[in-house]
Amino acid sequence: MALLTLRSLSLSFGGPLLLDKADFSLERGERLCILGRNGEGKSTLMKILAGELQPDSGEVVRQQGLTIATMPQEVPKGLEGDVFDIVASGLGEPAKLLQRYHHLSHACEHGDAKACELMLDIQSDMDDHDSWSLQQRVEEVLSRMELDGDAPLDSLSGGRKRRVLLAQALVQQPDILLLDEPTNHLDVASIQWLENFMGNYNGTVVFISHDRAFLDRVSTRVVELDRGRLRSFTGSYSQYMAEKPQLLEAEAKQNALFDKRLAEEEVWIRQGIKARRTRNEGRVRALIELRRERADRRERVGNASISIQEAEKSGKLVLDIHDITVKAGDRELVKGFSAAVMRGDKIALLGENGVGKTSLIRVLLDEAPAAAGDIRRGTKLEVAYFDQLRNQLDEEKSVLDNIAGGSDFIDINGERKHALSYLQDFLFTPQRARTPVKALSGGERNRVLLARLFSRPSNLLVMDEPTNDLDIETLELLEDKLDAYQGTLLLISHDRAFVDNVVTGSWAFMGNGQVEEFVGGYTDWLRQTASRTSAVASAKAPVKENSPAPLAENKEKLSIPKKKLSYNDQRELAALPEQVAALEGEQSSLQSLLDDAGIYTRDPDAALKATQRLAEIEEKLLMLLERWTELES
């Protein structure tokens with residue numbers, strides 16, 4: 001039986017129906033991703049699933065006693081306290097006694113006699129309210145999420161704060177976990193941790209995400225919200241992408257046949273007097289129904305028509321960076337970095353949150369001074385800067401005023417264009433264009449910022465997290481436009497697929513202030529780092545004079561006549577399967593460790609040791625397998 005079922009749901013907020021007689025069911029254990037264009041109503045659907053919003057019509061059927069928990073998209077403003085308190089608050093009213101006991105126990109440990117007395121006083125209340133089991137549940141979740149319960153929330157990184165919110169939801173032991181854009185503002189290491197966690201999570205998850213790599217690894221089913229209807233695709237995002245074009249083609253053929261039939265009937269109804277005298281009234285009623293169906297049909301929302309204005313070409317050398325150091329207080333974010341950026345280069349800055357990517361960008365743009373070193377900037381530079389915090393937008397003003405500044409027209413590629421027409425290219429209707437920015441969704445705000453950015457000529461684009469909240473169609477279009485851009489691009493993004501599809505080179509923050517250049521995008525950096533580490537390990541590995549020859553060179557041994565094994569040989573042969581299994585188990589664990597890209601930046605020494613050990617294991621396995629073959633033959 002389905003955990004939750006939607007039957008013929010309809011909902012509107014005055015405009016087109018966000019849900020139009022939508023049907024949907026959710027089975028236990030699914031990891032279901034909801035996809036759709038910005039503004040289609042995905043977050044609204046999540047609120048209906050959570051019970052926070054009621055539809056205009058239709059039915060929501062939930063299993064009796066169903067528990068649903070939601071991880072908010074953003075860290076709530078004003079949320080403070082230590083991690084234990086915030087996670088325990090997910091339990092509701094019973095958490096208050098648990099939180100009080102937790103604080104008293106810490107005070108008692110630090111020698112507060114009064115706190116120790118109060119602890120004894122509330123222990124009976126803890127027994128009455130079964131608080132001990134709740135405390136164990138909180139501690140288990142903290143351990144599972146690798147969180148320190150005593151850490152203040154404001155001391156944590158953005159990724160850790162999101163992990164605390166996830167723990168707050170999980171402590172409720174929900175039957176259904178709802179996640180709205182869980183990867184937004186997370187660095188790659190945090191996204192990969194979340195991928196692994198969700199892959200091993202036994203509960204039921206419904207999530208919204210536009211991170212293609214993430215949802216391809218996590219989802220077991222994709223449900224698309226399109227023009228108020230829900231369409232289900234079993235399997236991963238890749239399977240959805242394979243099936244979707246066939247569905248659109250079938251829809252287009254069906255619409256074409258319908259339109260042809262309607263056109264034929266319209267010709268018939270307009271025939272001369274003789275035809276009108278003899279026409280079939282049933283056929284007339286059928287025509288009226290066809291007209292109604294055609295009027296109710298909702299066409300697919302078109303793609304944004306993004307056009308990047310390009311200024312006059314800059315000089316061939318854009319940035320000559322020589323031995324610069326970037327600091328935040330006493331902390332060295334970048335130490336002794338040198339690079340040359342040439343016209344047409346497209347470079348990604350890779351690294352975890354807080355390592356200094358945005359700080360380096362600000363120094364390169366002369367918005368902040370370098371602590372040491374020298375930067376020579378090229379000639380004729382026209383810079384356009386996409387700010388991840390969207391500080392360039394005035395939230396009180398309308399979309400139109402943010403783009404045109406009170407004017408009705410703007411200049412685009414040397415031509416005068418009406419501002420409303422320009423905004424329609426970015427999927428803003430005239431009504432929506434007059435809406436204050438503060439009333440827009442995250443994806444719409446990003447589109448406003450892109451419209452503002454691309455309305456100005458540039459030959460150096462600097463984009464800091466441009467992909468957050470953008471739907472997949474707009475992401476793919478932006479990729480195409482950046483690929484065709486003739487100027488220079490500096491990009492900060494944790495969307496691995498976007499980085500791989502756009503850039504030609506990367507600057508990777510390797511830890512301890514070291515920034516290194518690599519050819520290609522994120523996947524290329526991962527491969528080059530792994531191969532380089534392996535080469536270092538091989539170079540350091542001791543050379544064994546008596547190391548066995550490869551198995552292919554020992555064919556002669558296989559032709560040796562069989563003879564009875566000695567007692568020691570028999571014991572050695574019996575022990576070999578267990579030795580091989582142990583080494584293969586260790587090999588698998590080390591490989592899983594190295595599959596986590598974050599290990600190379602978090603702990604490069606551990607990554608190097610793991611790679612060295614892998615090389616030793618491979619050599620040992622080869623020796624054991626050769627010996628096994630020799631003894632058995």
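How do the residues of the lining of the largest pocket divide into nonpolar, polar and charged? The lining holds 14 nonpolar, 16 polar and 18 charged residues; Ala, Val, Leu, Ile, Met, Phe, Trp, Tyr, Cys and Pro count as nonpolar, Asp, Glu, Lys and Arg as charged, and the others, Gly among them, as polar.

The model is predicted, with local features requiring pLDDT of at least 70 and side-chain atom pairs pLDDT 80 or more, while totals for chains, interfaces and linings use all residues. Residues are numbered from 1 along each chain as its sequence is written, and side-chain values use heavy atoms, without hydrogens or water.

Start with Asn38, Gly39, Glu40, Arg432 and Glu444, which are the closest to the centre of the largest pocket among its 48 lining residues. A pocket here is an open set of points on a 1 Å grid over the protein atoms alone, where a 1.4 Å probe fits, with protein on both sides within 12 Å along at least five of seven lines; lining residues have an atom within 4 Å of a point. This pocket holds about 1,600 Å³, the space filled by probe spheres set on the points, which are joined across faces, edges and corners.

Next select helix H1 (42-50), which gives the largest share of the lining, six residues. S5, strand S6 (176-180), helix H15 (430-433) and helix H16 (442-454) each supply at least two. Helices (H or I, at least four residues) and strands (E, at least two) are DSSP runs, numbered from the N terminus.

Then show the open, mixed sheet of six strands, ordered S5-S6-S7-S3-S8-S9. Its edges are strand S5 (68-71) and strand S9 (229-234), each pairing on one side only; strands pair if DSSP finds at least two bridges between them.

Finish on strand S8 (221-226), joined to antiparallel S9 by six bridges. Valine 222 has phenylalanine 233 of S9 as its bridge partner.
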